[in-house]
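Please keep the sequence and the structure in view while reading.

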Amino acid sequence: MKRFWIGLCVLALLLATGLWSTNRMVQAHAPISDALAQASQAALTGNWKQATVFLDTARRQWENWVDLSAAFTDHSMLENAEGLFAELGVYEKSNNLLPFAAGCAQLSQLIRAIAESHLPNWQNLL
């Protein structure tokens, strides 16, 4: 009977850890995605300075959370995000507005997908 309770405690600990990681991933990635969407909108309206500020904010937040993301996420998605951040740096230096805006929008969607990949829904469970 003692093993039953030990097993039950281990399962409860695993469930709590899973719920915590889901919550943290969504909380961590939502502001990054929002900042990138704002950078895209600012670039499309011609506000280059504001767009670069939003990109820098998103990049700093990404660097703060990338280690946690690496622990729970498929690494190919993280490598794609890192590649898009590098592309955005090139567009930023060359003042290319349209590719910059498109890259920010694409990266925003990718980071939102990273966060949503941890939500407890039927698509993720199947």
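Helices are DSSP runs of H or I that hold at least four residues, and they are numbered from the N terminus. The model is a predicted one. Asn95 is not a glycine, yet it has a positive phi of about 55 degrees. Another loop, the one between α4 and α5 (122–125), holds Ser117. Ser117 counts as partly exposed because its relative accessibility is 31%, the limits of that class being 20% and 50%.

The largest nonpolar core has 27 residues, and the members that touch the most others are Leu36, Trp62, Phe85, Leu88, Phe100, Leu107 and Ile111. Two or more residues come from each of α1, α2 (48–72), α3 (75–94) and α4 (97–116). Which of these elements gives the most to the core? It is α2, with eight residues.

Leaving aside residues up to four places away in sequence, Trp62 touches His29, Ile32, Leu78, Ala81, Glu82, Phe85, Ile111 and Ile114. One of these contacts, Phe85, is also its partner in an aromatic pair. The whole structure holds three aromatic pairs by the search applied. A pair of aromatic rings is described by the distance of the centres and the angle of the planes. For Trp62 and Phe85, the ring centres are 5.8 Å apart and the planes stand at 40 degrees, so the pair is tilted; planes under 30 degrees apart would count as stacked and those over 60 as edge-to-face. Because Trp62 lies in helix α2 and Phe85 in helix α3, the pair ties together parts that are 23 residues apart in sequence. Both residues, Trp62 and Phe85, are buried.

Ile32, another contact of Trp62, has its place in helix α1. Its relative accessible area is 0%, and Ile32 is therefore buried. With residues up to four places away in sequence again left out, Ile32 touches Ala58, Gln61, Trp62 and Ile111. Thr73 is 41 residues from Ile32 along the chain, and the C-alpha atoms of the two are separated by 16 Å.

The charged pairs come next. Side chains of opposite charge can pair when their charged atoms come close. How many salt bridges does the rule give? The count comes to two. In one of them, Asp34 is joined to Arg112, with 3.1 Å between the closest N and O atoms. Since Asp34 lies in helix α1 and Arg112 in helix α4, this pair ties together parts that are 78 residues apart in sequence. Asp34 is partly exposed because its relative accessibility is 37%, and Arg112 is partly exposed with a relative accessible area of 30%.

The salt bridge between Arg59 and Asp56 has an N to O distance of 3.4 Å. Asp56 is partly exposed, as its relative accessible area is 31%.

Met1, Phe4, Trp5 and Leu8 make a nonpolar surface patch of about 500 Å². Phe4, one of these residues, is found in helix α1 (residues 2–44). Is Phe4 buried, partly exposed or exposed? At 48% relative accessibility, Phe4 counts as partly exposed, because the exposed class begins over 50%.

Leu15 also has its place in helix α1. With a relative accessible area of 56%, Leu15 is exposed. The C-alpha atoms of Leu15 and Glu63 are separated by 27 Å, and the two residues are 48 residues apart along the chain. In helix α2, Asp67 has its place, and its relative accessibility of 63% makes Asp67 count as exposed. Between the C-alpha atoms of Asp67 and Leu44, which are 23 residues apart along the chain, the separation is 31 Å.

Note on methods. Residues are numbered from 1 along each chain as its sequence is written. This is a predicted model: local features need pLDDT of at least 70, side-chain atom pairs count only at pLDDT 80 or more; totals for chains, interfaces and linings use all residues. Side-chain values use heavy atoms; hydrogens and water are left out. Patches are made of residues with over 30% relative accessible area and no salt bridge: like charges are joined within 9 Å, nonpolar side chains (Val, Leu, Ile, Met, Phe, Trp, Tyr) within 5 Å. Accessible areas come from the Shrake-Rupley method with a 1.4 Å probe; for residues, only the protein chains shown count as cover. A salt bridge is a side-chain nitrogen of Lys or Arg within 4 Å of a carboxyl oxygen of Asp or Glu. Buried means under 20% relative accessible area, exposed over 50%, partly exposed in between (1.4 Å probe, protein chains only). A nonpolar core is a set of buried Ala, Val, Leu, Ile, Met, Phe, Trp, Tyr and Cys residues joined through side-chain atoms within 4.5 Å. Contact means heavy atoms within 4.5 Å. Rings of Phe, Tyr and Trp (its six-membered ring) pair if their centres lie within 6.5 Å; planes under 30 degrees apart count as stacked, over 60 as edge-to-face and the rest as tilted.
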